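Please read them alongside the model.

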Amino acid sequence: MRLVFAGTPTTAVPSLEALVDAGHEIAAVLTRDDAKVGRSRVLTPSPVAARADELGLRVIKSNRMSTEVTNEISNLDAELGVIVAYGALVDEATLEAPSRGWVNLHFSLLPDLRGAAPAQRAVMRGDKKTGMTIFQLTAGLDEGPIFATRTSPIGDDETSGDLLARLAIEGAEFLSETVRALGAGELTAAAQTGAPTFAPKLGKRDSAIDWSAPSDVVAAHIRGVTPEPGAVAQVDGQPLRILRIARPTDLSSTPELTPGQLATAGRDVFIGTGTSPLQLITVQPAGKKPMPAGDWLRGRRDAETLVLA
């Protein structure tokens, strides 16, 4: 089929590649504008834009659906639009541009976790499984009828970054199969059923850790906000990023700690929660590189009395 593809982050790149490999004609790739990246704030194309350029595809860059963008897409004569994490709403005029409309690959089992951060919110909730949904894109937020779904487990130690990287690969194959079936007329969409839940975009306040919560809740929250926006504790008014934690397998050998209290046992570092302690593996103090938690704690004179906020 002749397609227009819309996507922006790294997680959308495998889907673009899969559609190209499947032999579809990609009339154009829609992605967000170049953004300033890193400390030097260098203006950088999105991962999808960079890969599309490498593939020799036409690229349309825009953060919103202006009249010019809508007209450009309408003139492509595309049969189907495919969207994977584009990062902006598609208005009704643009939705009607491809003759078959648009389909969206979403990283949850709709109507659960509609919104911008479904994988992150699933991990933060402590879910043991999630999935992917391919649905007809409509003007409402992830409300369209469903063509296909696929479930996927969430590993006990998987961060949202790990999960998204894996779903990006699994989703690319799933999307390619579904687009082929749509082109062959093998699929019909069914209305979503059940009460929806929502997954708003994560912000800086999601970085805060409530050490008084049960250990499973604390661990899920840290994994869910890793790598972005990151889990951040406070030490003497300075941020300490918590990059990796673990749940001890033998609680009988862990010290009894109050929420946020730190202690060592051999080479291991533990931190108290509202229930059992967690093990700190990797941290990043302000202005420094990531380091083992043990190295960081041994370098502090107040190690025996330190409590993280």
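1. Helices α5 and α6 cross in a right-handed manner, the near helix being turned clockwise from the far one by less than a right angle. Helix α5 covers residues 118–125 and α6 residues 160–183; they pack at an angle of about 135 degrees, with axes 9 Å apart. That makes α5 oblique to α6; angles under 35 degrees count as roughly parallel, over 145 as roughly antiparallel, 65 to 115 as roughly perpendicular and the rest as oblique. Axes are lines fitted to C-alpha atoms, for helices over the stretch in contact, and angles run from 0 to 180 degrees between N-to-C directions.

2. This is a predicted model, in which local features need pLDDT of at least 70 and side-chain atom pairs count only at pLDDT 80 or more, while totals for chains, interfaces and linings use all residues. Residues are numbered from 1 along each chain as its sequence is written, and side-chain values use heavy atoms, with hydrogens and water left out.

3. On the α5 side, Ala119, Gln120 and Val123 meet Ser160, Leu163 and Leu164 of α6; contact means heavy atoms within 4.5 Å. By class, this contact has four nonpolar, two polar and no charged residues.

4. Helix α1 (residues 13–21) and helix α2 (residues 47–54) have axes that come within 9 Å and cross at roughly 25 degrees. α1 is therefore roughly parallel to α2. Val13, Leu16 and Glu17 in α1 meet Pro47, Val48, Arg51 and Ala52 in α2. By class, there are five nonpolar, no polar and two charged residues in this contact. The crossing of α1 and α2 is right-handed.

5. The largest nonpolar core has 34 residues, and those with the most contacts inside it are Phe5, Leu19, Val29, Val82, Leu105 and Leu175. Such a core is a set of buried Ala, Val, Leu, Ile, Met, Phe, Trp, Tyr and Cys residues joined through side-chain atoms within 4.5 Å. α6 gives the most to this core, with seven residues. Another core, of 27 residues, lies apart from it and includes Met124, Ile222, Leu262 and Leu297.

6. Leaving out residues up to four places away in sequence, Val82 touches Leu3, Val4, Phe5, Ala6, Leu19, Trp102, Val103, Leu175 and Val179.

7. Helix α7 (residues 215–224) is mostly covered, with eight of its ten residues buried, that is, under 20% relative accessible area (1.4 Å probe, protein chains only). Among them are Val218, His221 and Arg223. The buried residues of α7 pack against α5, α6, β10 (231–235), β11 (238–246) and β14 (278–285). Helices (H or I, at least four residues) and strands (E, at least two) are DSSP runs, numbered from the N terminus.

Notes
Nonpolar A, V, L, I, M, F, W, Y, C, P; charged D, E, K, R; others polar. Buried < 20%, exposed > 50% of the residue type's maximum accessible area, 1.4 Å probe, protein only.
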